[in-house]
Amino acid sequence: MAKIKKKIKTITVDADKCNGCRGCEIVCSGFHSIPKYSTINPARSRIQVVFRPLEDIWLPIFAGEYSPAECMGREKYLIDEKNYDECEFCRASCPARDRFKEPDSGLPLRCDMCEDEPELEQPKCVEWCINDVLVYEVREEEVDEEESIDDVEIGLQSLVDKHGLKKIVETFTRMSQKD
Ligand code: SF4
Ligand code: SF4
């Protein structure tokens, strides 16, 4: 497989600094609405804060990969004598729960590092986090060339997983004949 140079973008989370203000959720949902900033709905955010003030728990989690099936087991974490719920650290948009799914359509949400044209200096959640919880870095690495999958393909795959390919093809065919 051919090697290519790729920009690797990382956001490091310094969890102890988070105070649960949820500004990151607000700006992420606004940035990804169409047109930009036309709506704000934290349920559409690609970063979601585990928010349990009575237990002194606030923890931002980024939406990761779409998964068509739930995993076989569950993990529970105990950190600094605080119990975290099952799946709390998991970044997947999967059938076992509603997290990281667009609330109206059910389509999977995934952090895209605020890809935009022209490219942003830093992602919006990083820019808006006044407590410096989120630290953005970019480095270059040589990696195997692979096909990148965009949001449209991930969304279509999730529809196919839910309704079956035949139903999706029939729907597209019917829609295309309306024009
Ligand atoms: S904006 Fe920063 S401090 Fe506020 S919830 Fe998000 S990560 Fe935590
Ligand atoms: S990097 Fe951008 S897309 Fe990802 S969670 Fe932050 S604001 Fe949302």
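## Helices α3 and α4

In this predicted model, helix α3 (residues 151-163) and helix α4 (residues 165-178) have axes that come within 7 Å and cross at roughly 120°. On the α3 side, the meeting residues are Leu159, Val160 and His163; on the α4 side they are Leu165, Lys167 and Ile168. By class, the contact of α3 with α4 comprises 4 nonpolar residues, 1 polar and 1 charged.

## Strands β1 and β6

Strand β1 (residues 3-13) pairs with strand β6 (residues 134-144) in the antiparallel sense, over 11 bridges. Within this pairing, Ile11 has Tyr136 in β6 as its bridge partner.

Of the 11 residues of β1, the number buried is 0, so the strand lies largely in the open. A residue counts as buried here if 20 or more other C-beta atoms lie within 10 Å of its own.

## Surroundings of ligand 1

Ligand 1 is surrounded by 13 residues, and the closest are Cys18, Cys21, Gly23, Cys24 and Cys129. The shell around ligand 1 divides into 8 nonpolar, 4 polar and 1 charged.

## Surroundings of ligand 2

The residues around ligand 2 include the cysteines Cys28, Cys111, Cys114 and Cys125. Phe31, Ile47, Phe62, Met113 and Pro123 also surround ligand 2, as do Arg46, Asp112 and Lys124. The elements giving two or more residues to this shell are α1 (23-31) and α2 (124-128).

By class, the shell around ligand 2 holds 9 nonpolar residues, no polar ones and 3 charged.

Conventions: Residues numbered from 1 in each chain as written. Chains lettered and ligands numbered in written order. Predicted model: local features only at pLDDT ≥ 70, side-chain atom pairs only at ≥ 80, totals over all residues. Near = placed C-beta within 6 Å. Helix = DSSP H or I, 4+ residues; strand = E, 2+ residues; numbered from the N terminus. Nonpolar A, V, L, I, M, F, W, Y, C, P; charged D, E, K, R; others polar. Axes fitted to C-alpha atoms, helices over the stretch in contact; angles between N-to-C directions. Contact = placed C-beta atoms within 7 Å. Buried ≥ 20, exposed ≤ 12 C-beta atoms within 10 Å, placed from the backbone. Pairing = 2+ DSSP bridges.
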